[in-house]
Amino acid sequence: MDNLSVDHLIGIKDLTEKDIQLIFKTADSFKEIINRPIKKVPSLRDITIANLFFENSTRTRLSFELAEKRLSADVINFSASSSSVKKGETLIDTVNNILSMKVDMVVMRHPNPGAAMFLSKKVNAKIVNAGDGTHEHPTQALLDAFSIKERLGEVAGKKVVIVGDILHSRVALSNIYCLQKLGAEVMVCGPTTLIPKYIHELGVKVEHNLIKALEWCDVANMLRIQLERQDIKYFPSLREYSMQYGLTKEILDNLSKEIVVMHPGPINRGVEITSDVADSKQSIILDQVENGVAIRMAVIYLLAAKIER
Amino acid sequence: MEKQVILNEKQFELTLNRLCFQLIENHDLFQNTVLIGLQPRGVHLVNRLKQKLESIIQQPVTCGALDITFYRDDFRRRERPIIPSVTNIDFVIEGKNVVLVDDVLFTGRTIRSGIDAMLAYGRPSKVELLTFIDRRFRRQLPIQADYIGKTIDTLASERVNVEWKEIEGKDNILLYTPEKNSNG
């Protein structure tokens with residue numbers, strides 16, 4: 001089989017359906033490996049990977065780091081808060097300094113949309129986008145779709161609703177691309193102020209009523225309200241948002257069918273989703289986290305195969 | 001490619017039977033022995049051995065399949081990535097006698113990866129190697145088989161294919177020799 005059609009993972013938009021299926025197939029094997037007594041393979045022992053996090057992250061950074069270590073890569077970590085970025089260094093300078101230490105791959109999270117794309121054109125290393133501002137978060141979308149496939153057997157033909165702050169969410173955009181490429185139907189749901197104006201151009205349905213959206217879907221992906229990215233007030237209060245768009249056990253139990261509940265984390269319990277829903281049998285939130293490691297191992301492994309010796 | 005039959009259907013069957021009896025000689029009723037086939041082609045051989053062994057000793061024989069993709073030493077030396085197969089080892093190998101099984105032993109590199117991959121599951125008390133075809137004098141690592149179906153001398157440019165009734169429609173072993181370049 002061929003390798004990925006891309007040299008970097010910048011966004012799902014650049015991937016073909018075949019690429020996504022290849023990543024899933026490879027991730028299946030890695031999922032088996034991370035459930036073994038010895039959860040490590042030696043494939044990448046001659047590769048060094050830098051994790052550059054210019055923005056806060058817990059889950060994604062740990063997940064990437066674990067994925068890299070389970071592939072036996074050497075790992076260096078960098079976070080903006082404790083670095084020379086604070087002293088005025090540019091992105092290119094920071095990265096080139098790190099690459100002079102012979103780094104083969106860079107996993108980067110950055111607050112600016114397009115930062116990963118910019119870097120991939122300027123430096124000689126494989127780039128994996130771990131989230132660039134409000135643009136894309138490709139590995140999250142891959143692990144979400146992988147988790148849907150694992151739970152429902154298939155992604156094609158399934159109906160997925162993404163609920164919440166679509167406007168500020170890179171997870172939403174990557175998810176829309178990924179699910180559509182795999183043949184799923186996508187709907188977004190949230191207050192008008194948090195739905196991008198031209199979203200219909202992506203071919204998604206828009207619904208402002210949570211109950212109607214949930215009745216339509218097979219899977220609901222509940223997003224967090226990204227208060228840190230909101231420069232103005234988009235809704236009167238968190239309490240009001242929660243009453244309109246929060247998913248409770250009562251709503252879930254009153255639906256005509258059983259749906260799967262997802263959340264990319266971090267959860268604000270009691271805002272977009274209540275504790276009893278997050279911890280219910282219908283929730284696959286922790287499966288998503290486990291699959292995250294397998295998916296990231298697959299992405300790194302397949303991109304590393306493209307590093308020239 | 002010029003094609004030559006190394007083992008025909010009848011010889012294939014005889015050789016398999018002999019391998020089974022050799023295994024039984026050393027492992028009795030397989031109480032403490034497991035067979036592990038290397039993916040992808042060693043697994044067919046394990047399945048056939050299991051069938052035969054169980055009908056001879058009338059006892060279940062524990063068998064597994066091991067994928068070695070991520071343990072290979074030629075990662076990034078290949079044009080295309082190898083697509084991994086399934087590993088299926090649902091038993092403990094700690095303290096067991098393990099017989100690694102592959103269809104063709106050539107450079108020894110696959111077996112080296114196989115040993116590495118297997119050790120991720122525990123520490124067996126003893127490991128042996130069974131191969132259907134041994135392409136001797138072609139080894140790149142100091143690895144030898146304990147049970148050999150047939151030993152053959154080959155050139156590095158030649159290819160040996162073990163074909164199975166359930167996959168290719170016929171049990172036999174073929175040697176492919178590249179034709180000499182007519183352009184000189």
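Which residue in E2(A) is the bridge partner of A:Phe53? I looked this up first. The partner is A:Ser79.

**Ground rules**

I am working with a predicted model, in which local features need pLDDT of at least 70, side-chain atom pairs count only at pLDDT 80 or more, and totals for chains, interfaces and linings use all residues. Residues are numbered from 1 along each chain as its sequence is written, and chains are lettered from A and ligands numbered from 1 in the order in which they are written.

I take helices (H or I, at least four residues) and strands (E, at least two) as DSSP runs, numbered from the N terminus. I call two strands paired if DSSP finds at least two bridges between them.

**Entry: the sheet of chain A**

I went on from A:Phe53 to its surroundings. Strand E1 of chain A covers residues 48–53 and pairs with E2(A) in the parallel sense, over six bridges. I then traced the whole sheet. It is open, has four strands in the order E2-E1-E3-E4 (chain A), and its pairing is parallel. Strand E2 (74–79) and E4 of chain A are the edge strands; each has a single partner strand, so one side of each lacks a neighbour in the sheet. Neighbouring strands are turned against each other by 15° on average, direction ignored. For angles, axes are lines fitted to C-alpha atoms (for helices over the stretch in contact), and values run from 0 to 180 degrees between N-to-C directions.

**Entry: the two domains of chain A**

Where does chain A divide? I find domain 1 at 12–136 + 289–304 and domain 2 at 138–286. The bounds come from an automatic or database domain assignment. The C-alpha centres of domain 1 and domain 2 of chain A are 25 Å apart. Across the boundary, 23 residues of domain 1 are in contact with 21 residues of domain 2 in chain A. Contact here requires C-beta atoms, placed from the backbone, within 7 Å.

I checked which elements supply the domain 1 side. Helix H1 (17–33), strand E4 (126–132) and helix H11 (285–304) of chain A each give at least two residues. H11(A) gives the most, with seven residues. By class, this side has nine nonpolar, seven polar and seven charged residues. The classes are: Ala, Val, Leu, Ile, Met, Phe, Trp, Tyr, Cys and Pro nonpolar; Asp, Glu, Lys and Arg charged; the others, Gly among them, polar.

**Entry: H5 and H6 of chain A**

Helix H5 (residues 138–152) and helix H6 (residues 170–181) of chain A have axes that come within 8 Å and cross at roughly 50°. H5(A) and H6(A) are therefore oblique to each other. Angles under 35 degrees count as roughly parallel, over 145 as roughly antiparallel, 65 to 115 as roughly perpendicular, and the rest as oblique. The crossing of H5(A) and H6(A) is right-handed.

I listed residues on both sides. Among them, A:Leu142 and A:Ala145 are in H5(A), while A:Tyr177 and A:Cys178 are in H6(A). The contact of H5(A) with H6(A) holds eight nonpolar, three polar and one charged residues.

**Entry: chain A against chain B**

How many residues does the contact take from each chain? I read 18 from chain A and 13 from chain B. H1 and H11 of chain A are the elements giving two or more residues to the chain A side. The largest share, four residues, comes from H1(A). The chain A side divides into nine nonpolar, four polar and five charged residues.

**Entry: chain B**

I found an open sheet of five strands, in the order E3-E2-E4-E5-E6 (chain B), with parallel pairing. Strand E3 (62–66) and strand E6 (147–153) of chain B are at the edges, each with a single partner strand, so one side of each has no neighbour in the sheet. Six bridges join strand E5 (residues 126–136) of chain B to E6(B). B:Leu130 has B:Tyr147 as its bridge partner in E6(B).

Helix H1 (residues 9–27) of chain B lies across E2, E4, E5 and E6 of chain B, at about 135° to E6(B). H1(B) and H2(B) pack at about 60°, with axes 10 Å apart. They are therefore oblique to each other. H1(B) passes H2(B) in a right-handed crossing.

Terms used: Left-handed = near helix turned anticlockwise from the far one by under 90°. Contact = placed C-beta atoms within 7 Å.
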